[in-house]
Amino acid sequence: MAFTKDFFWGGSIAAHQCEGAWQEGDKGPAIMDFVTKGSNHEPRQITSQIEEGLDYPSHVGIDFYHHYKKDIALFAEMGFTALRISIDWSRIFPKGDEQAPNQAGLDFYDSVIDELLAHGIEPIVTLYHFELPIHLVHQCGSWKNRQVIDFYLHYCETVMKFYDSKVRYWVTFNEMNHIDPQSEQSDIFTYLIAGLKYSEMEKQIEELAKIGYNMTLASVKAVRLGHEINPENKIGCVFGLNPIYSYDCQPDNVLKAFLDNDRDYYQIDAMCKGRFPKYKMKQYEVLKLDLENQASDEEDFREGSIDFIGLNYYMSSISKPVTSVAGEAALFGGLQNPHLEQSKWGWGIDPVGIRYVLNYLYRKYELPIIITENGLGAVDQVEAGTVHDDYRIDYLQKHMKAVKQAVEEDFVECFGFLTWGPIDLVSATTGEMSKRYGFIYVDLDNEGQGSLERLKKDSFYWYQETIATNGESL
Ligand code: BG6
């Protein structure tokens, strides 16, 4: 059998994309509460205040805050054995720097976790999924400032202790690897991770390097802390990785592709190898960047290695060759691969790529891996109370089969497959509702209209069968 008997089957959601209720339970404003709805062709706007007449999708989400019991019951009906949720820091510490936590925030996640456990679903809790209290951006300049690490650790300690009897799997950060001093960033990706706009950074490379370093340090410190709180804690970090293939076999282009890929790995190296990588430190030294790092950080890197790697995988792309060529741009730089079909949002669909990354990660680090996100964002049509989403089934089936091959034939240690957005939720990059990933349809459109009713799609039953057979039906 490819998958172990206790393989985690389930899904991943993030607070700011589903909860809504942005001013309930004494929640404070967080960075994503200031991002408007965009579309495939129109970037989301980031406003400094909430502006009347603009639409901020995180304010309503899919109203998971009030629907979580029903939604979790539907996940249980599909047979989920795990759900990755995120705790919104701004529900626990509304400004981020308080001493005492907000009880209403703690109680909310306590009820969500209890509901999961009552259904036999393992909670996998992400501590930071783009949910930084906005006050820490205004007050301290976000992760550029080492003080934010202390506030983050106080928050981690609070929740790790509070849920200690209920939560064993923790994720320190979601996709910090998109902070990348080596390449030009988009405003939206810098904002998602750190609440800052790339175009407004004074010293872009230095600021990105500092943010990347400080977040990595925060992660290793959180792992140390979590292991001290309970040695049974399994603590990982989630990375969004897409292979970047070489344009062709011209050696300069192959080297270029290697380096483009490599930019996603310095933080993983730091979290798995017991020290911040020498090659990166050297690079910063040559660039004369001051990271404001301290000698004591070395011990944290040594003692704070992660227990597992979470892999978010959606697509692959190709590297731009050394001599300029015409070609369609891909999401994280690079070009679209002409051999691949694309989703409606231009994400290159590549099931082989997930096997490729799994192998690469496992050979490099030999740590257990869990697929923490995978799925197809697509437009769904409701017909007679359901959605015939064979395209979604096809995408997931191919990716799951590739994971199965990685486990069975390549001996990669993978302990779970969590699909992204098992229930439709707000898209992170575009803010749309119409970019749907779910097995469960939510009646809500891009204009915020709809009954919020939940409907089971065809894929709901397909995933139910997949889980029931532990992937043998794939
Ligand atoms: C991942 C993020 O990068 O991609 C999720 O962790 C996000 O938050 C997912 O939703 C899919 O992206 P999008 O833009 O289609 O929602």
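This is a predicted model: local features need pLDDT of at least 70, side-chain atom pairs count only at pLDDT 80 or more; totals for chains, interfaces and linings use all residues.
Visitor: In which cavity or pocket does the ligand sit?

Guide: On a 1 Å grid over the protein atoms alone, a cavity is a set of points where a 1.4 Å probe fits but cannot get out, while a pocket is an open set with protein on both sides within 12 Å along at least five of seven lines; lining residues have an atom within 4 Å of a point. A molecule sits in one of these if more than half of its atoms lie within 2 Å of its grid points. By that criterion, the ligand sits in the largest cavity.

Visitor: What is the volume of the largest cavity?

Guide: Grid points are joined across faces, edges and corners, and a volume is the space filled by probe spheres set on the points. By this rule there are five cavities of 30 Å³ or more. The largest cavity has a volume of about 300 Å³.

Visitor: How far is a polar side-chain atom of Lys435 from an oxygen atom of the ligand?

Guide: A polar contact is a pair of N or O atoms within 3.5 Å. An oxygen atom of the ligand is 2.9 Å from an N or O atom in the side chain of Asn174, and an oxygen atom of the ligand is 2.7 Å from such an atom in the side chain of Glu175. For Lys435, the distance from a polar side-chain atom to a ligand oxygen is 2.8 Å.

Visitor: Which elements give two or more residues to the lining of the largest pocket?

Guide: The largest pocket has a volume of about 980 Å³. Of the 42 residues that line the largest pocket, the closest to its centre are Phe189, Ala330, Leu331, Phe332 and Gly333. With helices taken as DSSP runs (H or I, at least four residues) numbered from the N terminus, the elements giving two or more residues to this lining are α7 (187–194) and α9 (251–262).

Methods: Residues are numbered from 1 along each chain as its sequence is written. Side-chain values use heavy atoms; hydrogens and water are left out. A polar contact is a pair of N or O atoms within 3.5 Å; within protein, one must be able to donate a hydrogen and the other to accept it, and residues adjacent in sequence count only if both atoms are side-chain atoms.
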